Amino acid sequence: MHSNSYTLLYAAAISVVTAVILAVTSEGLKPLQEANVALDTKKNILRSVRIASDDRATIEQTYNANVQEMVVNSAGEVVPDASAKAIRLKDQVNKTPGERLLPLYVYTGEAGKKYYVVPVYGVGLWGPIWGYVALEDDFNTVYGAFFDHKGETPGLGAEISEKPFQEQFQGKEILSDQDQFVSVHVVKPADKFDLGTEHRVDGISGGTITSRGVDAMLKNCIEPYLGYFESVKSSTGAVMPEPK
Amino acid sequence: MSVESTSAPAVQEKKKEALFSKKNIRTLRDPLDDNNPITVQVLGICSALAVTVQVKPALIMAVGVIFVTAFSNLITSLLRNSIPNRVRIIVQLIIVATLVTIVDQVLKAYMFDVSKKLSVFVGLIITNCIVMGRLEAFALAQKPWPSFLDGVGNGVGYGIILVVVAIFRELFGAGTLMGYHVIPQWAYDHGYVNNGLMVLPPAALFVIGVYIWAQRSWNKKLVNVS
């Protein structure tokens, strides 16, 4: 039997040694990992405008050529000196809409048609869920959507990251006929729903809490952008405020 | 291999055992079939259910587990005489957790897509019963080289099942293997449909069940085991 002090020392020593090994590994691999995450973000933004590619060079090239990053606020002004990359959505979504910094990605497609990609962030059942919703230049019609999650149940809540769920959003509308914001709702097929089908998509059987999370996330994250959308709409014909 | 050969303690051995003696080969080969961790010992089932939808993640997962079982066995065996008995489980856990974290970090850096697919299951290798089981049952009482072989054997035994199950699930669930379409278009044109059940976790349970059945009918040693 080893003595108490030996046991304690042994435990301390092995903790320190493994901690050093892990710290070195983590630091050494960090640049590569961050590059991967940045690329993944770009890829996902492009997914929302229906461009699917897995090739690193293609993604970088398409993104850099066509996507403009900007930051706006709910009053509809472009915030200068703010970088969309530096904003952590997680910190923003719990603030009141007026205080949020809102990153916006503007994708210019063929023939100069613009798509406005709104990043969204919320909670599912087991952890965070997030995504990108691309709106057409009428600021109403959803062109495409992409969602991902940290740890939703495979086969159930995790289905939000699959194509069939995301494709449902194409062509849906976020504004009512009176131009009021109603969002796109994710509802159980059997639920009573008063708004038209252009505002609803079917939730996932067995993934109700995740579906509700998507529903709440869309409402919470898209609404603050309306101010900016209004200001762009009202200045139609005028030059769009030059984003940074 | 230089690591293992230098690490074999030669002091208490009178006659040096060959690196690939019959006994060592058995240590390596047993877990592949006769004593397979999944189908015979029925350990590590949960990750086998979860990561076998496609062949590629299953392969990567298998490599990760082989790395962890092999090196945790080796390290534990090297330390076996110094580990205080009262905290041995914690020490084993630290070793395993360190290795798993390294695997996770490396995957995130070099194979981001796969690491996203495997998500939590890489981290859950720590709790995989096979790893701790081999440490407790083998590495704590054996020399480093046999322990290393035992780790590799058990990792490969686990990996074989993973890949076999994944081949069935990907082929029948999505019509692809390693992401390439295998089932020709004319089959779909003539009414063939991918089996949606194969994509869901229960399918892995069925496939493993059938594998165990098949294995027990061809391998007579397993009749009346467990």
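Predicted model: local features only at pLDDT ≥ 70, side-chain atom pairs only at ≥ 80, totals over all residues.
Local features are given at pLDDT of at least 70, side-chain atom pairs count only at pLDDT 80 or more, and totals for chains, interfaces and linings use all residues. Residues are numbered from 1 along each chain as its sequence is written, with chains lettered from A and ligands numbered from 1 in the order in which they are written.

**View 1. Hairpin of strands E4 and E5 in chain A.** Strand E4 (residues 128–135) pairs with E5 in the antiparallel sense over seven bridges (pairing takes at least two DSSP bridges; strands are DSSP E runs of at least two residues, helices H or I runs of at least four, numbered from the N terminus). Look for Gly131(A), whose bridge partner in E5(A) is Phe147(A). Six residues lie between the strands, and Phe139(A) takes a positive phi near 55°. Seven of the eight residues of E5 (residues 142–149) are buried, so this strand is largely enclosed by the rest of the structure (buried: 20 or more other C-beta atoms, placed from the backbone, within 10 Å of the residue's own).

**View 2. Buried residues of helix H6 in chain A.** In H6 (residues 226–234), Tyr228(A), Phe229(A) and Val232(A) are buried. They cover an arc of only 100° around the axis, so they sit on the same side of H6(A) (the arc is that of the directions from the helix axis to the C-beta atoms). The buried residues of H6(A) pack against strand E1 (67–72) of chain A (contact: C-beta atoms, placed from the backbone, within 7 Å).

Note on methods. Buried ≥ 20, exposed ≤ 12 C-beta atoms within 10 Å, placed from the backbone. Contact = placed C-beta atoms within 7 Å.
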